[in-house]
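Today I opened this model to look at its strand pairing, and I kept brief notes as I went. Here they are, in the order I made them.

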Amino acid sequence: MSRTVMDFWVGLFVMAGIGALLILGLKVGNLTSYNAGEVYNLTGNFENIGGLKIRAPVKSAGVVVGRVLDIRFSLETYDAVVTMGINSAYQFPKDTFASILTSGLLGEQYIGLSPGGDDVMLTDGDKIMKTNSAMVLEEMIGRFLFDKASEN
Amino acid sequence: MRNRIVASIQAVGHKTIDGVWRLGKASRFFVWVLLKSTTSFLRFGLVVREIYFVGVLSLIIILVSGLFVGMVLGLQGYETLQKYGSESAVGTLVALSLVRELGPVMAALLFASRAGSAITAEIGLMKATDQLAAMGMMAVDPIARVVAPRFWAGVISMPLLAAMFTVMGIFGGYLVTVVFIGVDNGSFWSQMQNNVDFRYDIVNGVIKSCFFGVAVTAIAVFEGFDAPPTAEGVSGATTRTVVTSSLVILGLDFVLTSFMFRGVS
């Protein structure tokens with residue numbers, strides 16, 4: 001086989017390989033939707049985060065507005081400090097309510113933001129004061145049993 | 001009786017020493033190839049020629065296997081997921097299992113049996129017919145001229161082949177679940193894009209396939225170069241290439257996975 005023909009096929013092969021990597025990055029991965037745009041950080045203290053994980057979505061009205069960047073345990077308040085990266089395109093009022101919700105019956109957990117009515121907006125590094133913990137099934141059952149017992 | 005016990009212990013010791021000795025020889029050979037590979041980058045035409053034989057000619061088996069693996073994954077994933085009413089997650093299932101595991105591993109296994117065996121047989125036969133010795137006589141270093149270009153061709157081809165295998169597999173899964181069965185097209189792709197992370201899943205998959213490429217071609221060129229110069233020797237070396245590389249791929253995959261995906265869901 002002549003040299004030029006071989007070069008042609010190898011060139012085609014390498015281009016197809018790089019094309020496959022590009023398809024993986026753009027069509028299969030979330031490279032376009034996720035790294036686009038600047039983010040600013042908000043933190044929130046939760047009594048119980050349930051099964052929330054790093055990279056879980058932060059949604060407002062069902063729209064993904066950011067992702068959970070970090071989860072830590074605070075030794076001062078003995079609760080979980082969750083850091084969220086919110087897309088700079090979305091601004092939220094100071095009295096926004098953050099709660100940990102579950103998508104569907106067995107779905108993943110995410111943070112839902114319900115905006116309040118304050119004129120002042122949250123900025124980078126701010127803390128969300130109003131939070132609502134994840135629902136933990138054992139606690140709910142325990143509370144239910146306790147209520148039943150106190151009724152009798 | 002006593003002699004027999006001593007003999008069996010000796011056999012174990014002999015095998016162990018032999019294995020360690022071969023491993024040392026292979027490592028020295030590997031370092032030697034790396035040191036001599038400057039020539040293959042100065043004369044890149046040699047590598048291009050080998051990429052043709054190693055990469056381009058492996059394309060058909062890689063693409064067809066990828067398509068069918070993806071189709072089977074889609075079918076089986078759909079069967080199980082629809083019991084829980086979450087058949088729209090089939091895109092995530094197909095993409096994640098292909099990107100993280102099946103793409104790099106299956107492509108490397110196919111690559112080892114398609115290209116690795118060919119490299120071993122070619123180098124082994126060159127040695128058996130004294131072509132390597134003849135090169136040495138003409139002051140052409142056989143490692144720089146024959147071994148290093150094949151090694152680098154394999155290392156370059158492997159990640160590209162694995163990426164094509166993965167893309168073809170995802171296309172196969174799409175074909176079966178969306179086109180034939182009728183899963184919603186939008187949720188298939190959006191669920192996939194929500195759950196496949198570029199850094200954690202795709203980049204780690206590519207890193208895996210790079211490791212496999214180095215392992216497979218290093219084993220193939222060593223077995224070829226080390227083969228006894230007889231017809232039997234070459235056939236034995238070819239078999240050993242396929243067996244050893246397959247085992248190394250699977251073992252290496254476990255090690256790499258436990259480093260990459262620990263604690264990251």
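I started with Arg72(A), which stands opposite Val81(A) in β4(A). For the record, helices (H or I, at least four residues) and strands (E, at least two) are DSSP runs, numbered from the N terminus, and I call two strands paired if DSSP finds at least two bridges between them.

A note on the source: this is a predicted model, where local features need pLDDT of at least 70, side-chain atom pairs count only at pLDDT 80 or more, and totals for chains, interfaces and linings use all residues. Residues are numbered from 1 along each chain as its sequence is written, while chains are lettered from A and ligands numbered from 1 in the order in which they are written.

Next I followed β3 (residues 63-73) of chain A, which runs antiparallel to β4 (residues 80-87) of chain A and is joined to it by seven bridges. I found Asp70(A) bridged to Thr83(A) in β4(A). Six residues lie between these strands in their hairpin, and Tyr78(A) there has a positive phi near 55 degrees.

Then I turned to β2 (residues 57-60) of chain A, which pairs with β3(A) in the antiparallel sense over four bridges. Pro57(A) has Arg67(A) as its bridge partner in β3(A). This hairpin has two residues between the strands, and Ala61(A) takes a positive phi near 55 degrees.

Finally, I placed these strands in an open sheet of eight, ordered β7-β1-β4-β3-β2-β6-β5-β8 (chain A), with mixed pairing. Each of β7 (126-128) and β8 (130-132) of chain A is at an edge with a single partner strand, so one side of each has no neighbour in the sheet.
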